[in-house]
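This briefing concerns a predicted model.

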Amino acid sequence: MLLQLKNIFKWVNSGGQRIFLLKDINLEVQEGEFISVMGPSGSGKSTLLNVIGMLDGFDEGEYTFLDEPVHSLKEKHRANLYKEYIGFVFQQYHLLDDLTVKENLEMPLLYKKFKGTERRAMVADMLDRFNIVGKKDLFPTQLSGGQQQLVGIARALISSPKLILADEPTGNLNSKQGEEIMELFKELNQEGVTIIQVTHSEKNASYGSRIINLLDGRMI
Amino acid sequence: MLKNNLKIAWRNFIQYKWYSSLNVGGLAIGMACSILILLWVQNESSYDTFHKNGDQIYRLTAIANEDFKAAVSPAGMVEELPNLIPEMVSSVRLSLPFEALFEADGQKFKESSVYFADSNFLDVFTFPLIEGNAGNALLPPNGILITEEWSRKYFGTTNALGKSIKVDNNDVFTVTGVLGTIPPNSHLQFNIVMPMSYYAKTHSDLINKVWDNFNFYGYLQLEENAITSADDLSKMEEKINELYAERSEFDITFNLQPLKDIHLRSNLQIDIPGHGNIQYVNIFLIVAFVILIVACINYMNLATARSSRRAKEVGLRKVIGAGRHQLVLQFLSESLLISLCSLIVAIGLVYLLLPVFNNLAQKELIFQIGEPKIWITLGAIALMTGLVSGSYPALFLSGFRPVKVLKGRLKLSKYNLFFRNGLVVSQFVVSVLLLIGTLVVYKQLNYIKDKNLGFNKSNLLYLPMEGEMWEKIDALKTELAQNSLTKDFSIVSDLPANLETGDFDIQWDGKDPNQQVLFPSIRADERFLDVFQMTLLHGRGFTKSSFENNDYVVNETAAKIMGLDVDKAIGKSLTFRGNKGVIVGVVQDFNFKPLQYNIEPLVMSHNGYGAYAVIRTLPNSTSNTLSVLEEIYSSLNPAYPLVYNFMDASLDAQYKGEQQMGSIFNVFALLAIFISCMGLYGLSAFMVEQRFKEIGVRKVLGASAIRLVNMLSRDFMKLVLLAFVLATPLAWIAMGRWLRDFAFHIEIQWWMFALAMVGSLSVAMATVSFQAFRAARANPIKSLRTE
């Protein structure tokens with residue numbers, strides 16, 4: 001088992017009222033799964049993803065990741081955990097505009113203190129695998145949306161995470177680009193990477209092995 | 001990692017050129033100021049450090065009372081002390097500096113700052129000889145020491161040993177040594193030194209080895225470890241005072257002043273001119289530091305204002321795996337890069353501005369980039385600036401929570417705004433402080449210039465008596481009296497500028513025998529009061545027979561000290577220097593010392609002879625008067641060129657130190673305001689950017705440009721006002737303290753504060769509204785479309 005959420009609640013207080021963002025979420029994810037999270041806007045999809053990615057906290061419940069009790073870990077420890085095992089892919093790609101493709105890919109490795117030669121080998125490997133060797137010295141603004149997302153995924157993958165969290169990865173792409181990205185996710189999943197994606201599209205959701213539906217912070 | 005950080009820092013630097021140049025500009029100006037000030041401070045505190053025995057040399061100074069501390073001591077005492085106190089190795093006496101006429105190789109010229117010195121002068125002080133023998137150069141009474149420059153100038157060579165120099169058209173001296181250049185950081189500055197043994201032929205103090213006349217500077221060299229603590233020093237002083245008490249009836253306390261303290265920590269009268277002031281050194285050190293801080297604040301402000309732009313990057317890096325310390329390092333390397341660039345620009349600025357600064361500070365500072373000490377200092381400045389200015393942005397930016405910033409625009413917290421406003425306020429506190437300081441200094445200097453001294457200082461010129469003039473004073477008087485341009489003249493012993501006389505030897509009826517009051521004195525002729533246009537309160541001035549009658553004229557203060565009413569003093573008997581006479585007149589108090597000093601009691605006695613002839617010229621006839629004087633002078637004293645000075649110019653020259661400080665202060669106040677405004681400019685630009693949409697909406701709804709400018713500027717104006725409120729009491733205290741050094745000073749007035757407030761407000765307003773106007777005039781469609 002990769003991770004388990006038990007009775008997770010998350011809320012905000014607004015005007016004396018408690019508004020629930022997540023309500024009693026129970027979820028178990030096995031290694032190798034490909035899960036799609038669906039639901040209308042404001043149903044808590046992204047919040048759930050952020051909680052799983054440990055970017056956001058929660059107010060009640062237990063979260064176990066690889067047998068570590070996330071809810072009782074210190075901030076620093078938690079950060080180490082997600083750095084090690086989780087890769088993020090965003091709808092807006094979130095590449096650093098000041099860095100070239102190659103440097104964007106290299107960045108996570110820098111923070112993990114890989115040696116220069118290792119880093120270069122890993123970056124070259126990734127460029128190769130995603131067929132973007134020719135673009136390695138371009139800046140993100142010089143790429144199309146699909147290409148940027150490709151770089152985004154490559155960056156998420158470069159430190160070989162166990163889990164990829166993708167928040168509407170194809171939301172800003174046209175259908176053809178979107179399809180390519182989804183195919184890529186499928187391939188990755190077959191290689192053993194666990195993927196959890198948030199999506200609005202039934203079609204994209206069908207790439208996954210399981211679908212979770214959310215409504216007003218509740219799993220249905 | 002570091003390489004990567006630097007690369008990113010560099011790209012950021014290039015990409016936001018405008019922002020970077022604001023940053024670099026501000027920091028570079030701040031650094032350049034600090035470097036210049038530090039150079040000055042370094043020079044000021046390096047005085048007399050080049051003497052090999054510097055730590056063992058002390059100057060003997062005399063304290064008569066709280067108001068009268070003098071740098072001089074008795075000739076006999078200084079000579080005998082080493083025989084009486086075993087820890088004393090030797091002593092050197094120097095005469096007061098004097099002016100003389102020299103003739104070498106047929107050329108004649110005046111030389112001021114000439115000293116007589118004891119023969120061991122070169123043993124005690126480290127002034128290397130390039131020609132001659134240090135051991136006996138000052139032994140023969142007809143030997144003379146000259147400096148390298150002087151030798152080159154008048155003999156065309158430094159090999160001047162054995163050449164003759166005629167002094168004051170009289171005795172001929174032989175060059176026995178040529179000194180290397182006197183370091184500019186020596187409190188003793190001279191071109192010529194003459195042997196004390198020559199002076200001893202005529203000077204009664206030296207002949208009689210007196211202990212009760214104070215006419216020489218005495219330097220004592222102690223054994224190497226004789227003084228290791230303040231306690232040792234006071235014990236030694238006690239010993240000296242005991243010895244003195246045995247020998248003399250005067251109640252004088254002596255102090256030992258360390259050689260290295262003479263330049264900065266001396267506030268003695270009758271001292272060698274050209275002293276620095278430790279207070280100014282400290283003030284400038286603080287100013288240097290503060291200006292650098294103001295520049296750092298600029299950086300912090302701009303960096304945090306720009307934080308919404310960088311928030312996304314921070315969030316993303318965190319998600320990807322950056323630890324907080326890694327981000328802190330990244331931002332610090334950015335600020336270090338900026339500070340390094342600034343340092344390079346600052347070094348350029350220093351090279352460019354050093355001549356101007358030297359001119360301002362009357363110094364010959366050099367900036368030697370090659371010296372390791374300079375390198376270390378510069379490196380430290382850059383490092384400090386980088387760390388200080390980078391610390392807040394680094395900690396602030398690295399603290400963002402990734403989820404919040406990735407989701408959208410970052411809303412800055414109240415705390416952040418508060419902090420940034422605090423920074424702006426502190427910048428302007430500094431600016432307002434310096435501005436008020438500048439105003440007060442300026443007013444005080446003007447006050448000094450225009451103060452009614454109790455006599456009319458304009459249109460007065462004076463000639464010192466020289467050469468044959470002494471014998472021909474009567475002839476001079478006749479000549480002067482015959483010409484209508486010069487007939488308004490007086491012969492005096494001393495000028496009422498920086499009077500150096502002082503006597504205890506005075507008696508009057510009813511004087512408390514234990515009372516010891518120091519009375520400065522002037523000897524003058526019967527025209528003195530008229531020529532100086534002083535006000536006689538009671539009685540009369542001197543008459544032709546005043547000398548024989550021992551008539552005295554005293555000032556108001558003297559009458560008060562004698563316990564007499566001004567109108568009842570006339571006719572009272574007074575014994576001065578053993579001459580019993582009566583008081584014939586009381587003159588209104590006038591300043592005969594610089595305005596730092598209070599008016600002391602003054603006794604004036606009659607004498608037809610004196611060291612100066614003072615002439616009141618008619619308005620607009622100065623050049624005619626001078627040509628008449630030239631004629632008279634050259635016929636009476638052909639060997640000497642006519643030397644004259646204007647009273648008002650000489651009086652002003654006494655405040656050179658204050659004037660220099662004033663102008664340096666001025667410049668740095670302006671720079672501090674300039675740097676602060678650079679920051680304000682950048683800050684307002686970011687504010688406008690953040691409120692771009694709001695401005696658009698308001699404009700569409702009908703707000704006028706003026707209204708918008710008002711809205712955007714108001715917040716900043718509040719900050720400047722707050723800064724003003726905070727700076728006011730500080731300025732009040734600080735400037736009050738400075739003014740207290742002057743016995744005569746202006747009062748700090750409300751309009752100075754008002755002026756500083758209006759000044760800083762309008763400069764800040766101009767800076768902010770420039771940005772605001774730009775935003776207010778932009779087409780609102782643009783700002784609304786971007787969302």
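Tyr392(B) is buried, with a relative accessible area of 12%. Its ring and that of Phe396(B) have their centres 5.5 Å apart and their planes at 15°, so the two are stacked.

- Tyr392(B) and Phe396(B) both belong to helix α12 of chain B, which covers residues 372-398.
- Because the two residues are 4 apart in that helix, about one helical turn separates them.
- The angle of 15° between the ring planes falls under the 30 degrees required for stacking.

**Other aromatic contacts**

- Over all chains, the count of aromatic pairs comes to 47.
- Trp11(A) counts as buried at 17% relative accessibility, whereas Phe20(A) counts as partly exposed at 29%.
- The cut-off for burial is under 20% relative accessible area, so the two partners of this pair fall into separate classes.
- Ring pairs in chain B link Phe50(B), Tyr115(B), Phe121(B), Phe125(B), Phe127(B), Phe190(B) and Tyr219(B) into a cluster.

**Charged side chains over rings**

- Arg18(A) lies over the face of Trp11(A), at 4.0 Å from the ring centre.
- In chain B, Lys477(B) is placed over the face of Tyr609(B), 5.6 Å from the centre of the ring.

**Helix α5 of chain B**

- Helix α5 of chain B spans residues 148-155, and its buried residues are Glu148(B), Trp150(B), Ser151(B), Tyr154(B) and Phe155(B).
- These residues lie on the same side of α5(B), because the arc they cover around the axis is only 160°.

- Strand β11 of chain B, residues 192-195, is covered on both faces.
- Ile192(B) and Met194(B) are buried on one side of this strand, and Val193(B) and Pro195(B) are buried on the other.
- In a regular strand, side chains alternate between the two faces of the sheet.
- Strand β6 of chain B (residues 107-117) runs parallel to β11(B) and is joined to it by 4 bridges.
- Within β11(B), Met194(B) stands opposite Phe116(B).
- Strand β8 of chain B (residues 143-147) runs antiparallel to β11(B), and 2 bridges join them.
- Ile146(B) stands opposite Ile192(B) of β11(B).

**The six-stranded sheet of chain A**

- Chain A contains an open sheet of 6 strands with mixed pairing, in the order β6-β7-β8-β3-β9-β10.
- Its edge strands are β6 (86-89) and β10 (218-219), each of which pairs on one side only.
- β6(A) pairs with strand β7 (residues 163-167) of chain A in the parallel sense, over 4 bridges.
- Ile86(A) has Leu163(A) in β7(A) as its bridge partner.

**Chain A overall**

- The secondary structure of chain A comes to 7 helices and 10 strands.
- The radius of gyration of chain A is 18 Å, which agrees with the value near 17 Å that a compact globule of 220 residues would have.
- Along the principal axes, the C-alpha atoms of chain A fill a box of roughly 55 × 40 × 35 Å.
- Of its 220 residues, 52% count as buried.
- Among contacts in chain A with a separation of 6 or more, 73% are between residues 24 or more positions apart.

**Chain B overall**

- Chain B has 25 helices and 24 strands.
- The C-alpha trace of chain B spans about 100 × 60 × 55 Å along its principal axes.
- Buried residues make up 54% of the 787 residues of chain B.
- For contacts in chain B with a separation of 6 or more, residues 24 or more positions apart account for 79%.

Note on methods
Residues numbered from 1 in each chain as written. Chains lettered and ligands numbered in written order. Predicted model: local features only at pLDDT ≥ 70, side-chain atom pairs only at ≥ 80, totals over all residues. Heavy atoms only, no water. Phe/Tyr/Trp six-rings, centres within 6.5 Å; stacked < 30°, edge-to-face > 60°. Buried < 20%, exposed > 50% of the residue type's maximum accessible area, 1.4 Å probe, protein only. Lys NZ or Arg CZ within 6 Å of the ring centre and 35° of its normal. Arc of directions from axis to C-beta. Pairing = 2+ DSSP bridges. Rg over C-alpha atoms; globule rule 2.2 N^0.38 Å. Contact = heavy atoms within 4.5 Å.
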